[in-house]
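Me: Could you take a close look at the aromatic rings in this one and walk me through them?

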Amino acid sequence: MPLEMMGLFSRRVSVELWRLWSVSGTRHFSIGTFPTGQVCSSRSFSSGRYLRTDAFQPDQGDKIDLDLWKSVMRSQTAVDESIEEDKEQVKKGDSTDSPSGCVLAATRELVSMWRQAGKLVPDKITDEDVKTLAELTTKSSKKKYLKFLAIREGHKNKSKEKQEKKRAEREQRLAEFPETLENRPPVKNSFLMQYRDHWLDRLLGWRGAQAMNFGQPLVFDMSYEAHMTPQELTNSVSQMLEVESCNRRSLDPFHLHLCNLQPEGGYRQQLVKRYGEDAWDRLLITETPQRHVDVFPQEQLVYLTADSPNVLRTFDPSKVYVVGAMVDRSIQTGRSFATAKRLQMATARLPLDQFLRWEIGAKTLTLDQMIRILLTIKDTGSWEQALAFVPKRKHDGFYQEKKQSERGGTAGRDRGDRYPQRDQRERQGSAREPWGAGRGGQDRGQAALRALQLLLGSTAVVHRRGGRRGASLLRPFWRRGHAAVAADGAPGNQNPHHLHLGARCPAHLAQVEHPGRRRGGPQGAGRLQDERLQGRGRGHTLGGNLQKGRLLVRLHAIAWASDKDMGST
Amino acid sequence: MGATFLFQARLCLYGLSQSSGIIHLGKMCVRTMCTKGIKPGERKSPPRKNDTTIRQTESFKVRQMPSFPTSVFAAGNAKRTTEMLKRKTALCLVCPDGLVAPDRPLSPTEWKKQLEEAPCSPERFDVHMMTLLFKTGAELDIAKSLLTFVALETGTMSYQLLLQYLTLCVKGGHDAEALDCYQIMRGAFPALETGASSLFIKAFSRTESWREALPILRDMKKVIAPSTRNYSDIISGALLHGAAAPAWQLYDEVLGEGLTPLPDTWRALFEGGARGERLLGVLGYMRDNQVYPERNLADAIKTWFHSLPGHHWRGEWTTVSPKGVCKGCGSELESIQLTPEEYTHLEARVMADIIQGKDVFQKTTAEELESFKAFVKRKPVFDVVVDGLNVANIVKGRQSEMLLAVVCELERQGLTSLVLGRKHMLRPSASWDRRNMGLIQKKAHCFFTENTSEDDPFLLYATLHSGNHCRFLSRDLMRDHKACLPDALTRRLFFKWQRGHQLVIHGTVAQGRRVGFQMISPYDTIVQSTGVSWHVPYDDSVDRSSYEVPQSWLCLTNKP
């Protein structure tokens, strides 16, 4: 391949070669061996006519042969054609004669040509994708789909690259410091036992089972498959996955019902595909092809829809709320409201207008935002906290906060912030809470507690007599009045155990109490039996300099201990 | 990085939709315009030799500075960036700054020098330079010399480069060169993609060998539905070279595909002449599909009529009087009123598709619809149906007064009117005065729907049900309801009926003044013929919306 090799030669050499060529008018010019010694196929160069006319004369300065590129490309063509002919002969044997195979091959070719033309097209494309592509009718839809694939491929490649890099680094490290007995990093000596993932799974599963027995039902109406495009359906399935995981991890999960879920429908197929057959079967939710009105009494059902004229002011734990599981990118006003009207169900919408200064966008929410809001309102009873999950871009803060700041003087005004009151609280918090140095001390404390709750599967109950530091950590819980209810063993509290955290309680870090037993007694059966824990308990405070992470590690241990305790007693 | 990538992709796609091949070249330069997450090492292009990478990094730094003199957080920065990007994308073709197009064909040695000095990657130099040549409208010889350089340097050429060169040829009208290009590209690449195919079709259609475009079109059909532009090119090519039969065959194919032919196609057909019946068929198509030709197409139509042998057609640019009389020939235009069959068809469709639709609960409830039907049956035939909320909201703050004024005016004219509203209007408030609402209910028939129902469908039903003389009063253009109708024919009927039956309040209404209504034109704006004359409404303004009709006409009369 003299021409391709030309690039390998220096400029002068190539010019010399060209001159040699044009002068001698060689019809068959071939180089048998590659300079490196590799044998390459010798191609005959048989475009004498062009060569004569298009002789390259670099030294004549002014006159440049403009059509030389044509002869170069044509000479390539001549070579390529002979190869291609061979290929075609091979192809003819196995090429699919069916029209569909033909279309697929043509589509594949189109993709490869688009790639060559520099369009945004994936480097590799699977047969399934080609099939989908061939089914798309318009050019723009094909281009969009290819763009989507290309972007996805980019993400995949990037993460793969990252992994490769990590592996290479690890290997290098190992090569440098081979892992021998002496060389191995010392095992961390800790009184804490490692908290394993499946323990957490078991806890969450336990909670889910509780919810399925006693929890408040929440219905997702899966009947909107026909009103969604395939893309929207995929999106809504993703959101449903998030809904389920949110609910599973929550303190007090809903009993999820997926109503109108047709066994052969695309919705169920995609859900099963995303979860996997086994995981789907193990999921602690109820799926049914029945309508919600057939499963629950009519008077209990409330359809939550943005088009409803009624505002949901208080969350009623005795009601069964229904959420339409639909993603409508081009908003289909009144779709779910029509369903509710047809079935003569009560309807309600979230009090968005009552609490938020709405700015832009429709008052539609994604399914995962919906479940977060519902879980929070169920837990806390405060719309301010629940509606924090409405996307911030859509609104400009809460009404109430504004009003309070106006009344409360210049607390927030001097900083010109959007949430003056919260800032004020934060500042106070960070002054007192050592781990809250910086912003959001309270939020972090709250997050730690939230994690604690999630981990323990229990309601944290706070001893008011605890030290100031611990108290401030747990204060948010008193505020909600949540902890107190749980401590009294109020009806409806089906938690397996209560955990009492006394920050400065002497002689123990934590005390575990079972339902029905006397609270907090020193002889309580739930008292931690772990020697080590008890030994170190004295004088330890939960506050102190504990970082969030370390606190959690500690709580992991407690959770484990309490679990064990449950088992033994 | 993700955002950058998405943005880049969007920009590429935007560019592609604008014109054919070359636009996506903006990639690299666009990337440098984003401030977020750019590191030279992150480029998608494969790793290069050391020296080039270093140069890349340096040039990157140099180029980034001047475009963002201030911090990203500085006021107005985002807007400035958007505007800059808009400007850049408007050009579609983005080249690295500092790249200068030569003004004469260069020898390979000179190109080599250019390459070494170029502020972009040496791998992309050819493509960037070609883009620049295209952008500056350079001579073809310069591009050729670039290609020669590339061919000598690398021994081959990328598809992208040839595609750009082809675009340059086709844009400059160098069709012979494009044909050469075709031979080469066909030989060098296994297939042609859509951009190149479209360009070749265009180039071939302008030459003697227009028939070569037909196999290209056939190849295109295998993977993609060819655009009307492709068809239009070949049809014009065929007619230019006197092949009417294949042109008409292709025209039929366009119609068969359900595409609307381009005005250029029609112009080519009219300029191609002959085939009187087929061209009259084209006019019929315009009539059926409510197509209003543009001025140049109307010109072609006029010229064609003039050229008809054995007739004495005379064309005239004219307007129509408000009464529907052509100012050119003095004949009366078609009435806007529907025929009884059309009327019944429309009434049925409106009930089935607009009000009930797939789900009657979407816009109302079943009981409400039944009660409304009974209400309409019980009441006498209405002359005017008023969209209460729409009329009242013309004046904010004193809605009920406005509505009362309109109802009084209608009563004064002795018309039986129906006012449609929602139930919340009956709850006394500042806007909805109890006394006014009482008066309205005395002077007109009233129906109030549920607050959660839509009132427009009821309005349409009541108007259609009351007969052809009944009109409705609303500012609403009813486009969302028109869109509910399934087929084009019914939509056209609806639009025609709407133009003939919709009253709109004229101007602003001052307190105590009488309410005036806009006139309803008595004639239909559509291509029409009486045998001895043709009237073609044509589009002479650029900003006509789809729901508006043109005001200027081409009047063609056959006077022996």
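Reply: Rings of Phe, Tyr and Trp (its six-membered ring) pair if their centres lie within 6.5 Å; planes under 30 degrees apart count as stacked, over 60 as edge-to-face and the rest as tilted. This is a predicted model, where local features need pLDDT of at least 70, side-chain atom pairs count only at pLDDT 80 or more, and totals for chains, interfaces and linings use all residues. Residues are numbered from 1 along each chain as written, chains are lettered from A and ligands numbered from 1 in the order written, and side-chain values use heavy atoms, with hydrogens and water left out.

On to chain B, where one aromatic cluster is made up of B:Phe270, B:Trp304, B:Phe305, B:Trp313 and B:Trp534. Over all chains, the pairing rule gives 29 aromatic pairs. One of them is the tilted pair of A:Tyr275 and A:Trp280, with 5.8 Å centre to centre and 40° between the planes. Both A:Tyr275 and A:Trp280 are buried (under 20% relative accessible area, with exposed over 50% and partly exposed in between, using a 1.4 Å probe and protein chains only).

Back in chain B, B:Trp248 and B:Tyr251 pair edge-to-face, at 5.4 Å and 85°. They're about one helical turn apart, because they sit three residues apart in helix α13 (residues 244–256) of chain B; helices here are DSSP runs of H or I, at least four residues, numbered from the N terminus. B:Trp248 is buried at 3% relative accessible area, and B:Tyr251 is buried at 2%.

Then there's B:Phe495, which has the charged end of B:Lys482 over its ring, 4.2 Å from the centre. B:Arg499 also lies over the face of B:Phe495, 4.7 Å from the ring centre. "Over" means NZ of Lys or CZ of Arg within 6 Å of the ring centre and within 35 degrees of the ring normal.

How values were computed. Helices (H or I, at least four residues) and strands (E, at least two) are DSSP runs, numbered from the N terminus.
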